[in-house]
Amino acid sequence: MHAQPPDTSRYPYPTARSGGLFLMLAGLTTVVATLLGGAAPLQPIVFSIGFALSIVIGLVLLRRRLSYGEQPRTQRRAVVAALFLEGGMTPHGGE
């Protein structure tokens, strides 16, 4: 007996679980980079690598497994805009 796929019309944000995983991984990355930062507010190499891994794991590799369907166009645009904003706030070296 095969399980029925979930009714995607019931889920206004079908990728909320993969997005939540991404947020948890990004938050963990921020905490670890802050703890390893020493004199700096956070360790930029740890933060950059951890943030990139958070994107790959949460939004690429596990997206289909954790989602209830495809994102609506508006949600997809919001995610892309948030990633660009986050990338603009990522430390790029210097003081």
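**View 1. Aromatic pairs of the predicted model.** The structure holds 2 aromatic pairs. Rings of Phe, Tyr and Trp (its six-membered ring) pair if their centres lie within 6.5 Å; planes under 30 degrees apart count as stacked, over 60 as edge-to-face and the rest as tilted. Phe22 and Phe51 make an edge-to-face pair, 5.8 Å centre to centre with 65° between the planes. This pair links distant parts of the chain: Phe22 sits in helix H1 (residues 16-35) and Phe51 in helix H2 (residues 44-61), 29 residues apart. Phe22 and Phe51 are both buried. Phe47 and Phe51 form a stacked pair, at 5.9 Å centre to centre and 15° between the planes. Both Phe47 and Phe51 belong to H2, 4 residues apart, about one turn of the helix. Phe47 is buried as well. Phe22, Phe47 and Phe51 together form one aromatic cluster.

The model is predicted: local features need pLDDT of at least 70, side-chain atom pairs count only at pLDDT 80 or more, and totals for chains, interfaces and linings use all residues. Residues are numbered from 1 along each chain as its sequence is written, and side-chain values use heavy atoms, with hydrogens and water left out.

View 2. Helices (H or I, at least four residues) and strands (E, at least two) are DSSP runs, numbered from the N terminus. The 20 residues of H1 should span 28 Å at 1.5 Å a residue, and the end C-alpha atoms are 28 Å apart, which agrees. The expected span is 1.5 Å times one less than the number of residues. Buried in H1 are Ser18, Gly19, Leu21, Phe22, Ala26, Thr29 and Ala33. Seen down the axis, the buried residues of H1 fall within an arc of 155°, so they line one face of the helix. The arc is that of the directions from the helix axis to the C-beta atoms. Buried means under 20% relative accessible area, exposed over 50%, partly exposed in between (1.4 Å probe, protein chains only). The face of H1 turned away from the buried side carries exposed Leu23, Met24, Leu28 and Leu35. Cover for the buried residues of H1 includes H2, helix H3 (63-66) and helix H4 (73-89).

**View 3. Ser18 in its surroundings.** Ser18 is found in H1. Ser18 is buried, at a relative accessible area of 1%. Leaving aside residues up to four places away in sequence, Ser18 touches Gly58, Leu59, Leu62, Arg63 and Leu66. Contact means heavy atoms within 4.5 Å.

View 4. H2 has 18 residues and reaches 24 Å from first C-alpha to last, close to the 26 Å expected at 1.5 Å a residue. Buried here are Phe47, Gly50, Phe51, Ser54, Gly58 and Leu59. Exposed Ile45, Val60 and Leu61 lie on the face of H2 turned away from its buried side. Gln43 caps the N-terminal end of H2, with a side-chain oxygen 2.8 Å from the backbone nitrogen of Ile45.

**View 5. The chain as a whole.** The protein chain has 4 helices and 0 strands. Buried residues make up 22% of its 95 residues. Among contacts between residues at least 6 apart in sequence, 73% join residues at least 24 apart.

Methods
A polar contact is a pair of N or O atoms within 3.5 Å; within protein, one must be able to donate a hydrogen and the other to accept it, and residues adjacent in sequence count only if both atoms are side-chain atoms.
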